[in-house]
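Biologist: Please take a close look at one part of this model for me. Then carry on to whatever else you can describe.

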Amino acid sequence: MDQKTKTLLTSALIFIGLGLLVIFQVQSLGKLHLVFCDVGQGDGMLVISPGGKQIVVDGGPGSKIGDCLSQKMPFWDRTIEMVVLTHPERDHLEGLLEVLARYKVEMILSTGIKNDTELFNAWHETVKAEGAKIYGAKAGDKLVLDSLQGQTLLIDVLWPTSEKLELWKLAGLSETNESSIVLRVSLGQFCAYLTGDLPKELLQPLLDKPCQVIKIAHHGSKTSTNQEIINAVSPEAAIIQVGRNSFGHPQKEVLELLQSKGVKILRNDANGNVEVITDGSSYQIKIQR
Amino acid sequence: MKILGYSLAIFILGLSVALRISWQRPQILPKNQPIKIIATLKNEPKIYEISQVLEIGDSRIFTDLYPRYRVGDRLSIEGEVDSDGKMYQPVIQKLDYQEGFNSYFSALREKISGNLMQLLPVDEATLVVGTVLGIDNIGLEFRQALIKTGTIHVVVVSGQNLMIVAGVFLSLVKYIGRRKSLMLALIASFSYALLTGFEPPVLRATLMVLASTLAIYFGRETLPIWNLVLAAFLILFIWPKAFFEISFQLTFAATLGIMTLGQYLAKISNFKLLSKDNFSSKKQISNLETATRSAQAHGTLDTLGTLFINNAAIAVSAYVFTAPIILYYFGRVSILSPIVNVLVIEAVFPIMILGFIVAFLSLIFIPLAQVFAYFAYVPAFYFVKIVKLFAQVPMEQMSLGKGNLVIVISFYILLLVLIFVWTRKSKDPNF
């Protein structure tokens, strides 16, 4: 085969392959996807709206979030519409630097709470260089993403309150986890709570509406959840974002509580990436190791 | 003889550069005691999933992913180096940044690598960055898949990649003539070695691959095995320690395998596909090239068959010759390797060519680079999928002979005897 024929054949195969890949990857649009990425010991989530907009909520430690985004996002889409940093700790923040390095990020949602670490300084510098819009989240904010057959994808910010933010600005904050952003993602009759690392005492009054899915706070630690929270939310599935760790996460008591309530437990360390897919009326869960 | 003269001139040029590099002796850090050192980063940090690794003197320093350090950074480092030459979680303070050719060049590589990572998904970007720039940022899972399928040599700069770069220019022989195509191939190979960091292993592979590539393209004139042995001896003269390095041994074995067993396999396999005239011709070109060219006169199926056979000949011969070395060091060798290599070998060429185009365009106009990145994505996606698919095959790697020199020597003696017998049988004047 001469060079010319080989080049033509290769080009033809590339065009055919490109077409097939686009057709294949377009199929995933039209539904809401909540992907709880296996990022090790930390939180990292990807929300894909029915219209194909992406929101990354936390990035986990290291750079593993990049693999998850690559697997779940169409290859041609190199833009992430919004990144949410729930609170500035390494197990939620580090991977977001990888996200900023690999994608164009249009908007960043955070509390504005600072952390005196080299990692946070690097994040601060990277955000400045990215030129994304920065929005300070506070309870009561409603983010409307897009709609599917009259159903609106809505993200409610439940925590922190503006009063608390003002207080922390004046008096400082002893425990960064307390500033963690809490979100409720809703589409039609489906909803899910994304709870960051907020301690259960602060979380309990916020979760006043039942939802099918809850991300258990703080990797299933003893401060993460209690019976009142599970009763109020009455979830069908609970996702625990946890990797190999020396803290004993998730706590046995938490697992027992969820089991006693008949909640399906999905853990990143055991199940890999956990993906919840919904059209607003029903949902399914896919796991991928 | 002219060709031999040119190649020798280039070897000497390359080796003089290599000599200069080899003069730089690494600083030896004290072990098992608290130390504070001030040093300038000369090598690019290696970036892994959860850490970055800095090379200072003879030691490797493991630190967090951020802040990122770069070549030219003058750092104050406090910690303790263990007996294995590793320092974990030191206190690092950045003092200064020293500009120079090295730091400028590294910044350019970093810029291109950053651009490629923005344009492609993770695994495909890793593949393109690895083949174009020789930067090894492979994630743990993908690395394991590459090792299991015996394809890691594609992602880290290896003889095969260098052969592709040289081959592109050597294939211009019928348009611009031998001398020009040869010169362009040599310039391109050394530019590629430069772009990929000019590390001694890369330079060594460049020299050896040039020796073999020239031989494959120009046939008996350049005395193929003599060229390779000459290159190997010169390399060992400059870097005697290379004799004990796996990368050198593997490159030498693979190249020798392709030039001996590979040529022989290609010839006997193509025999049925080719007309007798082609073999009786006195053309001064190699069997692989003869097979490719003569197949032009045949149907598409025959043509594809020839291509497949040639690829299989290269993959199998490299595999057979490197297997004893891999067994000696790692105690196991991938059975899947030749199959996966045959399946992916044709994708490597477009990945590299489109990768170079994307890398270049990304420095000028990102939207255009993005268009080419979509094209590069297709062969890269195919490569990644094949590797991951075969990595899932629940096939155990063949496991025996770790550290057993007798097995290695017996294997090579058997191999050489078999080749000698076969070639005597076929009375092939090329051997």
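In which helix of chain A does A:Ala101 lie?

Modeller: A:Ala101 lies in helix α3 of chain A, residues 90-102. Helices here are DSSP runs of H or I with at least four residues, strands are runs of E with at least two, and both are numbered from the N terminus. This is a predicted model: local features need pLDDT of at least 70 and side-chain atom pairs pLDDT 80 or more, while totals for chains, interfaces and linings use all residues. Residues count from 1 along each chain as its sequence is written, chains are lettered from A and ligands numbered from 1 in written order, and side-chain values use heavy atoms, without hydrogens or water.

Stay with A:Ala101 for a moment. It is partly exposed, because its relative accessibility is 36%; buried means under 20%, exposed over 50%, and partly exposed in between, with a 1.4 Å probe and protein chains only. Contact means heavy atoms within 4.5 Å.

Next, A:Gln41. It sits in the loop that runs from β1 (32-36) to β2 (44-48) of chain A. Its relative accessible area is 14%, so A:Gln41 counts as buried. Its side chain makes a polar contact of 3.3 Å with the side chain of A:Asn245. A polar contact is an N or O pair within 3.5 Å; within protein, one atom must be able to donate a hydrogen and the other to accept it, and residues adjacent in sequence count only if both atoms are side-chain atoms. A polar atom of the A:Gln41 side chain also lies 3.0 Å from the backbone nitrogen of A:Gly243. Leaving out residues up to four places away in sequence, A:Gln41 touches A:Pro61, A:Asp91, A:His219, A:Val242, A:Gly243, A:Arg244, A:Asn245, A:Phe247 and A:His249.

Two of those contacts lead onward: A:His219 and A:His249. Take A:His219 now. It belongs to the loop between β11 and α7 of chain A. A:His219 is buried, because its relative accessible area is 1%. Its phi is near 55°, a positive value in a residue other than glycine. A:His218 is found in the loop between β11 and α7 too. Phi of A:His218 is positive as well, near 45°, and A:His218 is not a glycine. A:His218 has 17% relative accessibility, so it counts as buried.

A:Ser221 is another residue of the loop between β11 (213-215) and α7 (227-233). With 4% relative accessibility, A:Ser221 is buried. Its side chain reaches the side chain of A:Thr223 in a polar contact of 3.0 Å. Not counting residues up to four places away in sequence, A:Ser221 touches A:His249, A:Gln251 and A:Val254.

That brings us to A:His249. A cis peptide bond joins A:His249 to A:Pro250, with omega about -5°. A:Pro250 lies in the loop between β12 (237-240) and α8 (252-260) of chain A.

Chain B has a cis bond to show as well. The peptide bond from B:Tyr66 to B:Pro67 is cis, and its omega is near 0°. B:Pro67 sits in the loop between β4 (59-63) and β5 (73-80) of chain B.

Now chain B as a whole. It has 17 helices and nine strands. Of its 431 residues, 51% count as buried. Among its contacts with a separation of 6 or more, 70% join residues 24 or more positions apart.

One helix pair deserves a look. Helices α3 (residues 122-133) and α15 (residues 337-362) of chain B pack at about 85°, with axes 9 Å apart. The two are therefore roughly perpendicular to each other. From α3(B), B:Leu127, B:Val128, B:Thr131 and B:Val132 take part. They meet B:Ile351, B:Met352, B:Gly355, B:Phe356 and B:Ala359 of α15(B). Seven of the residues in this contact are nonpolar, two are polar and none is charged. Axes are lines fitted to C-alpha atoms, for helices over the stretch in contact, and angles run from 0 to 180 degrees between N-to-C directions. Under 35 degrees is roughly parallel, over 145 roughly antiparallel, 65 to 115 roughly perpendicular and the rest oblique. Ala, Val, Leu, Ile, Met, Phe, Trp, Tyr, Cys and Pro count as nonpolar, Asp, Glu, Lys and Arg as charged, and the others, Gly among them, as polar.

Last stop: B:Leu327, in helix α14 (residues 300-330) of chain B. B:Leu327 is buried, because its relative accessible area is 10%. Its C-alpha atom is 27 Å from that of B:Ser83, a residue 244 positions away along the chain.
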